[in-house]
Each structure stands twice: as C-alpha cells, then as structure tokens.
Amino acid sequence: MPKLNKPIIDLATPTQVKNFLVERGLSPRKFLGQHFLVDKNILKKIIETAEIKEGEKVLEIGSGIGTLTLALACEGADVVTIEKDEGAVSLLRELAVSYPNVKIISGDVLKLDLKTVLKESPVWKVVSNPPYSIVSPILFKLVSLKEKFSSIVLMLQREFAERLMAQPGSKNYSFLSIKMQYHMDIEIIHKVSRRVFFPVPNVDSAIVVLKPRKTLKVKVSNEELFFKIADAMFRMRRKNLKNSLEPLNFPVDFYEKSPIDLTRRGETLSLEEIGILTDFINGKIKK
Ligand code: SAH
C-alpha cells in the first residue's frame with residue numbers, strides 16, 4: 001500500500017476525540033484503560049520513532065477510536081489493529097472505510113491467537129498505546145513471538161518503563177526486568193506528560209522502543225533454569241541467595257562451590273551473574 005496522500009483524519013485533538021465520543025454515546029471506560037491520545041506532536045513522535053516504511057506490516061494493540069491506527073495507515077503501513085471495546089470498533093470501522101490497509105480485529109489481545117494473526121507476514125512492527133493494566137501479559141506474549149518483530153514501539157506508564165530497564169540492586173529490578181532485558185534491547189525515547197491523553201490519567205508516560213536481540217545478552221546452557229533461578233531470586237527478595245534458592249532443591253555441594261557468593265541477595269545479581277550460576281548448576285544437575 002503506497003503512502004496515502006490524503007490528509008490524515010485529525011483525531012489527535014481533545015475537541016475531536018470528545019466530539020466523536022459524545023456523538024456515539026461512548027464514554028471512556030476505565031476498566032479498559034481508555035485514555036485516548038489527543039496531542040498531535042506526540043502522535044508525530046510515535047510515528048517518527050517507528051520509522052514506518054510503505055507496505056510494512058504493523059500490529060497495533062488497543063485501537064481506541066483509531067488516532068494512531070489511521071496515522072500509521074497514512075504512512076502506508078498495512079495495519080492490523082486489535083480492540084476489545086465494541087463501541088470503539090464500530091466507530092473505527094466507519095472511520096477506516098476508505099483505508100484498505102487497515103484491518104480491525106474485534107477482540108481481547110490476551111485471548112487472541114496472535115501467532116495465527118501474524119502468519120500473513122514474516123516480519124512485523126508493533127506500534128501501540130496499549131491499556132496500561134495489561135502491559136506485562138502483553139509483553140510476555142510479544143516476547144514469545146519475538147522472532148516476528150523487527151521493533152516494538154510502545155507508550156508505557158513511565159514507572160513501568162523504568163522497571164523494564166532497571167539495573168541490579170535498584171528497587172525496580174525485578175523478574176520482568178530480567179526477562180525483558182534478556183530478550184530485548186530497550187530504550188526510553190521520549191518522556192510524555194499525562195496531559196496528552198483524554199481523560200488525563202494519574203500517571204506520566206514514556207515512548208519506549210524494544211528491539212528483539214539477534215544475539216542474546218547472555219548465553220546460558222539452560223534457559224528454563226535461568227528463569228527459574230531469576231524467579232526464585234525475587235520471590236524472596238529480602239533473603240540471601242542461599243535461602244531464596246533453597247526451594248529449588250539444588251545438589252548440596254552446590255552451596256559450597258557456587259561461583260557466586262550466596263550470601264548476596266538475588267536482587268543484586270546481573271544477568272551475566274545469573275548466567276554463571278545457571279551454567280554451574282546445570283553442569284551439576286546433568287552429572
Ligand atoms: N491507541 C488509542 C487508545 C489507547 S487506550 C489511542 O492512543 O488513543 C487503550 C485501548 O485499548 C482502549 O481503546 C481499550 O478499549 C483497548 N483495550 C483494553 N483492553 C484490551 C484488550 N484486552 N484487548 C484489546 N484492546 C484492549
């Protein structure tokens with residue numbers, strides 16, 4: 001689909017969004033995390049960040065009334081967008097009528113078989129301003145299909161973005177940080193004020209780019225074990241490694257010979273160190 005030369009339907013203003021909602025008798029639904037983008041500059045920033053090329057396949061999660069959807073379509077992307085709210089879907093179906101490059105899926109992204117949706121093409125970009133309350137499960141779903149994505153551009157709650165990037169020893173460092181940093185390069189591109197949304201949420205946001213790593217950050221002999229250890233480390237965050245790994249019942253001599261000091265707290269370990277621990281334990285288990 002070539003880049004459309006028609007003017008983008010200008011949805012990114014407070015008046016336009018409010019008018020559409022009132023016209024349709026829709027009101028923003030809190031439980032669906034509906035905070036619509038109403039700022040042209042931020043819309044432009046998202047589009048620029050995604051570096052859309054004509055004909056690229058783009059997956060959007062949470063279309064809302066289609067502000068980002070149509071902007072992506074105007075760049076010539078082939079957009080597949082998923083929206084749970086039927087009212088929003090029916091409005092978007094009308095707005096998108098003259099956009100053959102927009103496909104709307106009415107449904108819940110967490111229940112949808114994304115693998116089938118993505119079959120159409122080997123490579124996709126994800127561009128989305130998703131509902132913040134379900135970003136973790138969305139990310140886990142995207143990670144499980146990471147081979148399909150060249151880049152993932154997301155609007156996220158700012159604290160959440162910081163958690164994704166958190167380093168060992170900081171209070172934000174968590175299983176999520178490890179899981180995401182293991183699979184992806186993550187960068188906060190732009191801090192975004194809460195005032196660019198309607199209704200105004202009570203948190204600030206950030207535009208974040210995640211790029212699936214071609215080579216993993218650490219190479220481990222047993223990935224499942226790596227994440228098992230990471231998970232155990234944070235289940236008992238305040239305990240030292242010796243105690244927090246106990247439930248995993250590793251061979252006893254591991255405790256004497258561990259290459260990592262087990263009096264340390266798990267939350268201080270870098271991905272590389274968890275890798276060292278994993279390889280050491282994996283060697284013992286195999287024997
Ligand atoms: N992208 C739009 C809307 C953002 S609000 C904009 O920037 O204006 C988040 C959107 O996600 C809402 O429209 C909400 O209805 C939708 N949503 C919430 N939960 C969803 C789910 N489980 N699956 C798909 N869409 C969902």
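Visitor: How far does a polar side-chain atom of Glu 83 lie from an oxygen atom of the ligand?

Guide: The distance between that side-chain atom of Glu 83 and the ligand oxygen is 2.5 Å, a polar contact in the sense of a pair of N or O atoms within 3.5 Å. The model is a predicted one, in which local features need pLDDT of at least 70 and side-chain atom pairs pLDDT 80 or more, while totals for chains, interfaces and linings use all residues. Residues are numbered from 1 along each chain as its sequence is written, and side-chain values rest on heavy atoms, without hydrogens or water.

Glu 83 is among the nearest of the 20 residues around the ligand, together with Gln 34, Gly 62, Asp 108 and Asn 129, where a residue counts if one of its heavy atoms lies within 4 Å. From the side chain of Asn 129, an N or O atom comes to 2.7 Å from a ligand oxygen, whereas Gly 64 uses its backbone, with an N or O atom 3.3 Å from an oxygen of the ligand. On its own the ligand has 570 Å² of accessible area, and the protein covers 98% of it (Shrake-Rupley method, 1.4 Å probe).

Strand 1 (36-37) and strand 3 (78-83) are the elements that give two or more residues to the shell (strands are DSSP E runs of at least two residues, helices H or I runs of at least four). A pocket is an open set of points on a 1 Å grid with protein on both sides within 12 Å along at least five of seven lines, a cavity is a set where a 1.4 Å probe fits but cannot get out, and lining residues have an atom within 4 Å of a point.

The largest pocket holds about 790 Å³ (the space filled by probe spheres set on the joined points), and its lining counts 39 residues, with Leu 32, Gly 33, Gln 34, Pro 130 and Pro 131 nearest the centre. At least two lining residues come from each of strand 1, strand 2 (57-61), helix 3 (67-74) and strand 3, and the lining divides into 19 nonpolar, 14 polar and six charged residues.

Gln 34 also belongs to the lining of the largest cavity, as do Phe 36, Ile 65 and Asp 85, among others; this cavity has about 40 Å³ of space, and five nonpolar, two polar and two charged residues line it.

Note on methods: A polar contact is a pair of N or O atoms within 3.5 Å; within protein, one must be able to donate a hydrogen and the other to accept it, and residues adjacent in sequence count only if both atoms are side-chain atoms. Ala, Val, Leu, Ile, Met, Phe, Trp, Tyr, Cys and Pro count as nonpolar, Asp, Glu, Lys and Arg as charged, and the others, Gly among them, as polar.
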